[in-house]
Amino acid sequence: QLQLVESGGGLVQSGGSLRLTCTASSGTLDTYAIGWFRQAPGKEREAVVCINNNGRLTNYGDSVRDRFFISRDNAKNTVYLQMNSLKSEVTAVYYCAARSDGWITIATMLPPDEYDYWGQGTQVTVSS
């Protein structure tokens, strides 16, 4: 059973940066595609970005393109989400999720039900 743990969230001022990490406390990530999602109060869970199992393919949501960057180091069993130029509207709980099918598509952002395992989430708050 894969168990995911997110870290790196916190409070940051508008324009600042944060780096989130997703690791596996149980199991290894190297065969899984990983997605980052966020959910703000009263809103649906939104796909932010995803990466395939070998890290060669990524797909970004339009709202974060050129500001957020996903990468992975399978040797360290870790996926990173670098978030730059943060704005207050990105305040949410951020979740990483793993997909047993290690592929993703750039045609669309895969929805939450395409992912098999979820972390507990980490809060990101951007003050204006």
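## A viewer tour, ring by ring and strand by strand

Start by selecting Arg99 and Trp103: Arg99 sits over the face of the Trp103 ring, 4.2 Å from its centre. To count as over a ring, the NZ of Lys or CZ of Arg has to be within 6 Å of the ring centre and within 35 degrees of the ring normal. Before you go on: this is a predicted model, where local features need pLDDT of at least 70 and side-chain atom pairs count only at pLDDT 80 or more, while totals for chains, interfaces and linings use all residues. Numbering runs from 1 along each chain as its sequence is written, and side-chain values use heavy atoms, leaving out hydrogens and water.

**Next stop: the rings**

Now select Tyr95 and Arg45. Arg45 lies over the face of Tyr95, at 3.9 Å from the ring centre. Rings of Phe, Tyr and Trp (its six-membered ring) pair if their centres lie within 6.5 Å; planes under 30 degrees apart are stacked, over 60 edge-to-face, and the rest tilted. The count comes to five aromatic pairs. Take Tyr95 and Trp118: they are edge-to-face, with 6.4 Å between centres and 75° between planes. Tyr95 belongs to strand β9 and Trp118 to β10 (residues 117-118), so this pair ties together parts 23 residues apart in sequence. Strands here are DSSP E runs of at least two residues, numbered from the N terminus.

Is Tyr95 buried or exposed? Tyr95 is buried, at 14% relative accessible area, whereas Trp118 is partly exposed at 28%. (Buried is under 20%, exposed over 50%, partly exposed in between, with a 1.4 Å probe and protein chains only.) Tyr115 and Trp118 have ring centres 6.3 Å apart and planes at 65°, so they are edge-to-face too. Tyr115 is buried, with 6% relative accessibility.

**Then the core**

Which residues touch the most other members of the largest nonpolar core? Show Trp36, Phe68, Leu81, Met83 and Tyr94, out of 31 residues in that core. Elements giving it two or more residues include β3 (18-26), β4 (33-39), β8 (78-83) and β9 (92-99). A nonpolar core means buried Ala, Val, Leu, Ile, Met, Phe, Trp, Tyr and Cys residues joined through side-chain atoms within 4.5 Å.

Centre on Leu81. Beyond its neighbours within four places in sequence, Leu81 has contacts (heavy atoms within 4.5 Å) that include Leu18, Trp36, Val49, Phe68 and Tyr94. A second, separate core has seven residues, among them Cys50, Ala97, Leu110 and Tyr115.

**Finally, the strands**

Switch to cartoon and pick β4. Six of its seven residues are buried, so β4 is largely enclosed by the rest of the structure. Strands pair if DSSP finds at least two bridges between them. β4 runs antiparallel to β9, joined by seven bridges, with Ala97 as the bridge partner of Gly35. On β5, five bridges join β4 in the antiparallel sense, and Trp36 stands opposite Val49. β4 and β5 make a hairpin with six residues between them, where Gly42 in the turn has a positive phi of about 80°.

Last, colour the open four-strand sheet, ordered β1-β3-β8-β7 with antiparallel pairing. β1 (3-7) and β7 are at the edges with a single partner each, so one side of each has no neighbour in the sheet. For β3 and β8, the antiparallel pairing spans six bridges; Leu18 has Met83 in β8 as its bridge partner.
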